[in-house]
Amino acid sequence: MLAAEILAAAAKNFLDLGRLDLARHVSGLALAENAQCANAHSVQGVVHDVLAEWQDGLDHARRAVELQPGSPQLEYNLALSTLRLDDYPQGFALMEARLDKPDWTGFAIAPSRAAERHRLLLPGDPVEGRRILVIIEQGLGDCIMFARYLPLLAGRGARITLACSPPLRPLFERVAGIEVLLSPPPEQPLAKINLSLAEFEAWVPLLSLPYYFGTEFASVPAKIPYLSADPVRIAAWRERYKAAGRRGTPKVGLVFQANPQSGSSADRSLSIGDLAPFLRIAEIDPVNLQGGAAGRQLAAEYPGIIDATNPEIPLDEFAAAVAATDLVITVDTLAAHCAGALGHPVWVMVPYSPHWCWGVGRDLTPWYPTARLFRQDVRQNWSNVVERMTQSLKPTSSS
């Protein structure tokens, strides 16, 4: 068994380095050494998922959990494979294992999460008239995606306190149903809440609300919009776009790179060269909504583009800049969730191995009715996606 575990660990390292060929080969060697090695099955499952071999990925992820029940990481991997294939009841139940992962990003300090575990809100627990503390977790896009559940929780009579990060606060101040917003002071933006010092009767991580509500694929809450941008700022951005562009020409926002710190950034990002067909469409005025160094590079290479991210803008202002466009074209990142939550038209460039919320093989998603999905046919090759979007955009722009 030791040899199999060593090989499985090596395969995981290859996976982290993006060497899928070696990860697949070495995890196969581990399974040949010992077919009962849960970690080898787990790596094989992830490799299959990355290569869009969904059923094989699910089978290996399930086998890993069977061999090593109670492992938070293995259950979490199985949850992602299950959710991607639209089995939401089982997937969200399995997702609860993330609370026991050492690297879980819940917005509360770990000792207090353990100390207050007995007050965790569970399916079936009453909330009417009770103070429920909701804590954010994971990335900003995830928080925006699951904010739709806050009005539903309030609709059941919950008195909601939300603990969130400073960038989200201005946006979430306009989400219905939140009584109290807690966020760290400016001088400690990364500080987390101590649950043992907070006043509440039950607490729940934001991404556990689908589990609490028993969400199924056919019952995804899609009352859009549930997020709103500042109308004064939207009007200001529209005037800015009008002044910088051509009168009557649709303004199309572009976001082409994911957060470079994300492990999946390479799979979810385009190069500026990939964007060239969009930037040559005469019927639109492209708007640069890309933040960071990539946004600065795009503006430098295409000085005629309408530049909305110089200087960099906070999230609340970004939402207004998004809402002021006619359409947003984006990779799978914060912008997709922001536009979708605003009820704004958005076209999402979906990578070969998609985030589970985009599902498999369809052009629409129940999570965002105003979103249209364009899926990658070849891993890390966006040419076909850009071509199909360009062809779809031209008649849309000229109609």
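How many helices and strands does the chain have? Here are some notes on that and on a few places worth a look as you turn the model around.

1. **Overall make-up.** To take the opening question, the chain has 18 helices and ten strands. Please keep in mind throughout that this is a predicted model.

2. **Dimensions.** The C-alpha trace spans about 65 × 55 × 40 Å along its principal axes. The radius of gyration is 22 Å, which agrees with the value near 21 Å that a compact globule of 399 residues would have.

3. **Packing and surface.** Of the 399 residues in the chain, 52% are buried. Among contacts with a separation of 6 or more, 67% join residues 24 or more positions apart. The accessible surface comes to about 17,100 Å², and carbon and sulfur atoms account for 54% of that surface.

4. **The second largest pocket.** This pocket holds about 170 Å³ of space. Its lining is made up of Arg-238, Tyr-241, Lys-242, Arg-246, Arg-247, Gly-248, Thr-249, Pro-250, Lys-251, Ala-324 and Asp-326. Helix 12 (residues 231–244) gives the largest share of the lining, with three residues. Sorted by class, the lining has six charged, three nonpolar and two polar residues.

5. **One cavity.** The structure holds one cavity of 30 Å³ or more, and the volume of the largest cavity is about 40 Å³. Which residues line the largest cavity? They are Val-50, Asp-267, Pro-351, Tyr-352, Ser-353, Gln-376, Arg-379 and Gln-380. By class, these divide into three nonpolar, three polar and two charged.

6. **Asp-49.** You will find Asp-49 in helix 3 (residues 38–50). Is Asp-49 buried or exposed? Its relative accessible area is 9%, so Asp-49 is buried, the cut-off being under 20%. Leaving aside neighbours within four places in sequence, Asp-49 is in contact with Trp-54, Gly-57, Ser-81, Arg-84 and Ser-353.

7. **Ala-320.** This residue sits in helix 16 (residues 315–323). With a relative accessible area of 1%, Ala-320 is buried. Beyond its neighbours within four places in sequence, the contacts of Ala-320 are with Ala-229, Asp-230, Arg-233, Ile-234 and Trp-237.

8. **Two cis peptide bonds.** The bond from Ile-224 to Pro-225 is cis, with omega near 0°, and Pro-225 lies in the loop between helix 11 (209–212) and helix 12. The bond from Asn-310 to Pro-311 is also cis, with omega near 5°. Pro-311 belongs to the loop between strand 7 (306–307) and helix 16.

9. **Positive phi at Asp-86.** Asp-86 has phi near 70°, a positive value in a residue other than glycine. This residue lies in the loop between helix 5 (72–84) and helix 6 (88–95). Why does Asp-86 count as partly exposed? Its relative accessibility is 25%, which falls between the cut-offs of 20% for buried and 50% for exposed.

10. **Positive phi at Gln-138.** Gln-138, another residue that is not glycine, has a positive phi near 60°. Its place is the loop between strand 1 (131–135) and helix 8 (140–146). Gln-138 counts as partly exposed, at 31% relative accessibility.

Conventions:
Residues numbered from 1 in each chain as written. Predicted model: local features only at pLDDT ≥ 70, side-chain atom pairs only at ≥ 80, totals over all residues. Heavy atoms only, no water. 1 Å grid on protein atoms, 1.4 Å probe; cavity = no way out; pocket = protein on both sides within 12 Å on 5 of 7 lines; lining within 4 Å. Points joined across faces, edges and corners; volume = space filled by probe spheres on them. Helix = DSSP H or I, 4+ residues; strand = E, 2+ residues; numbered from the N terminus. Nonpolar A, V, L, I, M, F, W, Y, C, P; charged D, E, K, R; others polar. Rg over C-alpha atoms; globule rule 2.2 N^0.38 Å. Buried < 20%, exposed > 50% of the residue type's maximum accessible area, 1.4 Å probe, protein only. Contact = heavy atoms within 4.5 Å. Areas by Shrake-Rupley, 256 points an atom, 1.4 Å probe, with all protein chains shown as cover.
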